[in-house]
Amino acid sequence: MTDSTLDALLRQHFSCGTLDSDPAPLQRALAMLRDWLAPAGKPAYPPTPFAELTETFDDYAMPAHGIGVDAFLGELQQRVLAHTAHLNHPRYLGHMTQALPWATIMAETFTAALNQNQVKIETAYASTLVEKQLLGWMHRKVYQCDDAYYAQAMRSRNQAIGNLVNGGTMGNLTALAVALERQLPGTRREGLCAALAKSGHRGLAVVGSARVHYSLKKAMATLGLGENALHTIPVDRDNRIDMHALQARLDELRAAGIKLLALVGIAGTTETGAIDPLAQLAALARREGAWFHVDAAWGGALLVADQFRHLYDGVEQADSVVIDGHKLLWVPMAQSLVVFRDSASLDCLKHHANYIIRNNSGDLGQTSLEGSRRFDALKLWAAFKILGVSGYATLLSRAASLAATMRELIRDDEDFELTSDSSTFILTYRYAPAGLRDVMAQLVATGATGDAVALNLQLNALNAALQERQKANGNSFVSRTLLERSPYPDGITVLRVVLTNVTTTEGDLRAVLAEQQVLGRTLMSELGLERALA
């Protein structure tokens, strides 16, 4: 490499003077971003089959020479943007990522430009205080402590009331890591086997409903507890943990000499949006001497608005709570946090090093399982500054209105069956014409359960195919899942909508259902289900 080559690279890619003399690439990038945020005329879901798209990424060797910014932007447009789901599209309703306010994307740009490392104050000066303030704001929404508590937390150099984390998975892992050390002291240094042997218990258990997020299994495996130590309890008709079945399982574990490490409540299940009876779970956890963790990755954001507070009665009694900002707080991924009721809880994870995170340094890395972390707090901090609590209350009310509209549209159409409802803007339903549902109910009532089960399997296949075809069409997008339902041992395949895209209108909702109705009727004929109605 010659000096002239290096000079050219520095001028072209590191010098801001280049942007002054030739702003066209930056202007083009901004225009592409602006175009991306305006979904008009674009599909909700990319129509190119994934296998076909894979074939276009056939450059298996790393580029030997750079192509320059302008050429790269062209390739980005053609190979990536043209084949990416438009989350800003008003008919993209299938998942928890959604349309974003442009100001939070601006904040994300500052996060990248500042390039702070939150592990230590020396690389995260003011950003350390932003992160602590944000944690204080969210902690207060959960635990409602007074000003003095948060003033002390802001000044403290050796304790933390929570951690900013890279997603709910890391939040759940952090909470269970703390629970393990608090419930089985010595695990961190001696190891799980030695600590368990000293305890006299035959094993450990974490218990939650059948709707717990799969990240709990990952956390159990990572902590050495094993996935089988996660005991899941059936849910009731409202998709909340069955308290009678829970008590029976706890009695079984106690009789077997298994210590209840943690009880997990869900405040917004991923599949159906249901909120467990948190106050009852908190009382049960206290009685059992167990850690009470609330996974509110999805629904916890509703605590920001007072009108939804009643849905979370008992959350303030949780030992730890996880909330994702990149879901119901409308900021770019990844943005999550875990907060703790006892400010000494994170001492269980405290660690130090000679060159950073020294004792009493105030470095945020002292209590984090992660090392280097981005200044992701900035985008949520910015969102609160720009929107305020009142702005969030308005957005959440809009989501509630969308969910209410979709609920009524489904209930009013005999071709659809509403299969679950929730207060956190997630609905599940299936294409199941009323006549077909009547036939299935009659079969069950007359004892012909096997025929009803066979018919349900066909209906499952229909709804799975419907979702795939709607996705392939690209006009709109909903997701699907499988829910338990008696007397069908294989459950029911349902369509799932997450109604937080605030750009969606009633007309969009009607269009989504109209497309599904056409697809459903076509599939009824293709699968021969019309004969069941004869």
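Which residue in β5 is the bridge partner of Gly 265? The partner is Val 294.

## Basis of the model

This is a predicted model, in which local features need pLDDT of at least 70 and side-chain atom pairs count only at pLDDT 80 or more, whereas totals for chains, interfaces and linings use all residues. Residues are numbered from 1 along each chain as its sequence is written, and side-chain values use heavy atoms, with hydrogens and water left out.

## The sheet

The strands β4 (residues 258–266) and β5 (residues 291–295) run parallel and are joined by 5 bridges. Helices (H or I, at least four residues) and strands (E, at least two) are DSSP runs, numbered from the N terminus; two strands pair if DSSP finds at least two bridges between them.

Both strands belong to an open sheet of 7 strands with mixed pairing, in the order β1-β7-β6-β5-β4-β2-β3. The edges are formed by β1 (162–165) and β3 (230–233); each has a single partner strand, so one side of each is left without a neighbour in the sheet. On average, neighbouring strands of this sheet are turned by 20° against each other, direction ignored (axes are lines fitted to C-alpha atoms, for helices over the stretch in contact, and angles run from 0 to 180 degrees between N-to-C directions).

## Helix α11

Within helix α11 (residues 192–199), the buried residues are Leu 192, Ala 195 and Leu 196 (buried means under 20% relative accessible area, exposed over 50%, partly exposed in between, with a 1.4 Å probe and protein chains only). Viewed down the axis of α11, these buried residues fall within an arc of 100°, so they line one face of the helix; the arc is that of the directions from the helix axis to the C-beta atoms. Cys 193, Ala 197 and Lys 198 are exposed on the other side of α11.

The packing partners of the buried α11 residues are α9 (168–183), α10 (187–190) and β2 (203–209). Just after α11, Gly 200 adopts a positive phi of about 85°.

## Two loop residues

Ala 40 lies in the loop between α3 (24–37) and α4 (50–55), and its 69% relative accessibility makes it exposed. Thr 367 lies in the loop between β7 (336–340) and α16 (377–412); its relative accessibility is 5%, so Thr 367 counts as buried. From C-alpha to C-alpha, Ala 40 and Thr 367 are 45 Å apart in space, and they are 327 residues apart in sequence.

Neighbours within four places in sequence left aside, Thr 367 is in contact (heavy atoms within 4.5 Å) with Ala 160, Asn 163, Leu 346, Leu 349 and Lys 350.
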